[in-house]
Amino acid sequence: MALDPVPPAELTEDAFLAGKLRLRQFSRGHRSGHDAILLAAAVPARTGERVVEFGAGAGAAGLALARRVGDVSLTLVEIDPVLVDLAQANAAANGITARTIVLDVGARAAEFADAGLPPDHADHVMMNAPFHAADRHRGSPDEGKRSAHLDAGETCEVWIKAARRILAPGGCLTLIWRADELSRVLDALGRGFGGIELVPVHPKPDAAAIRVLVRAIKASRAPMRLLPGLILNDGEGRPTAEADHVLQGGALGSAPCGETARNAPEK
């Protein structure tokens, strides 16, 4: 599948999901990679459900989810108008229907409603928010990459609060975060979410997790579950069978994630 015309010099054309998804993204600044595809694989969406991605960038995660699931109602939220246009072009080039909107995730509820995202609207929110603490990590000299990666300290709380507002009761929030900063996510999820599921992501079998995939259900009272970890590479540096399955477009795990939390009776 080729995208016409040929990308200008500042754009690259990259293949995801073993070539089933081709995206243009800027050659400099933040570029989507494994984190976006892992996030997409972890979202337990079904055909016909309403999915909103926060901080969509060029659209990699949301479009990867749409490629896997099929007919979802997808909205890509991004603060940068240039990236919004690029995400819309990527959706069209891949034959995926998506709505892209310019919106700050930290905007007021009224601004979300004006953009077509009122309270209790979505079945799923997915996000790969900036998660490198600004007081502990040196930012990139590239402004776009720096804003996409660095968290000044409020991003986690603000983005999760926005997700809680637009999710319908029983709706699912899925996010990817640094493993060593997980406590911040759990603290923010303590207000309005339950049924939390954690999937550690390990670079190799004997290494500590570097990322954690997190799912949480709005208004659930189900207990938290620590699920088996995903190991990306074996001892010889080759992708594991499960990682290869995910990176080629498969769902994470053998069954829809989040089902235990969604169906658990309230106590």
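Me: Hi! Before we start, what is a nonpolar core?
Reply: A nonpolar core is a set of buried Ala, Val, Leu, Ile, Met, Phe, Trp, Tyr and Cys residues joined through side-chain atoms within 4.5 Å. Buried means under 20% relative accessible area, exposed means over 50%, and partly exposed is in between (1.4 Å probe, protein chains only).

Me: Thanks. What should I know about the model itself?
Reply: This is a predicted model, where local features need pLDDT of at least 70, side-chain atom pairs count only at pLDDT 80 or more, and totals for chains, interfaces and linings use all residues. Residues are numbered from 1 along each chain as its sequence is written, and side-chain values use heavy atoms, with hydrogens and water left out.

Me: OK, which residues touch the most other members of the largest core?
Reply: That core has 39 residues, and the ones touching the most other members are Leu 21, Leu 38, Leu 63, Leu 65, Leu 74, Leu 213 and Leu 252. Among the elements that each supply at least two residues are β2 (21-26), α1 (34-42), α2 (60-69) and β10 (193-202). Helices (H or I, at least four residues) and strands (E, at least two) are DSSP runs, numbered from the N terminus. There is also a second, separate core of 34 residues, including Phe 112, Leu 175, Leu 182 and Val 185.

Me: Now strand β11: how many of its residues are buried?
Reply: Eight of the eight, residues 211-218, so β11 is largely enclosed by the rest of the structure. On one side sit Arg 211, Leu 213, Arg 215 and Ile 217, on the other Val 212, Val 214, Ala 216 and Lys 218, and all of them are buried.

Me: Which strand runs antiparallel to β11?
Reply: β9 (residues 167-178) does, joined to β11 by seven bridges. Two strands pair if DSSP finds at least two bridges between them. In this pairing, Trp 177 stands opposite Val 212 in β11. β10 and β11 also pair in the antiparallel sense, over seven bridges, and there Leu 198 stands opposite Val 214.

Me: And what about β6, how does that pair with β9?
Reply: In the parallel sense, over five bridges, with Cys 172 in β9 as the bridge partner of His 124. β3 (residues 50-54) also runs parallel to β6, joined by four bridges, and Val 51 stands opposite His 124. Five of the six residues of β6 (residues 122-127) are buried, so β6 is largely enclosed by the rest of the structure.

Me: Switching to helices, what is the angle between α1 and α2?
Reply: About 40°, with the axes 8 Å apart. Axes are lines fitted to C-alpha atoms, for helices over the stretch in contact, and angles run from 0 to 180 degrees between N-to-C directions.

Me: Is α2 buried or exposed?
Reply: Eight of the 10 residues of α2 are buried, so α2 is largely enclosed by the rest of the structure. Leu 63, Leu 65 and Val 69 are among the buried ones. Just after α2, Gly 70 takes a positive phi of about 105°.

Me: Last one: where is Leu 17?
Reply: Leu 17 lies in the loop between β1 (11-16) and β2. Its phi is near 55°, a positive value in a residue other than glycine. At 5% relative accessibility, Leu 17 counts as buried. Ala 18 is in the loop between β1 and β2 too, but at 58% relative accessibility Ala 18 counts as exposed.
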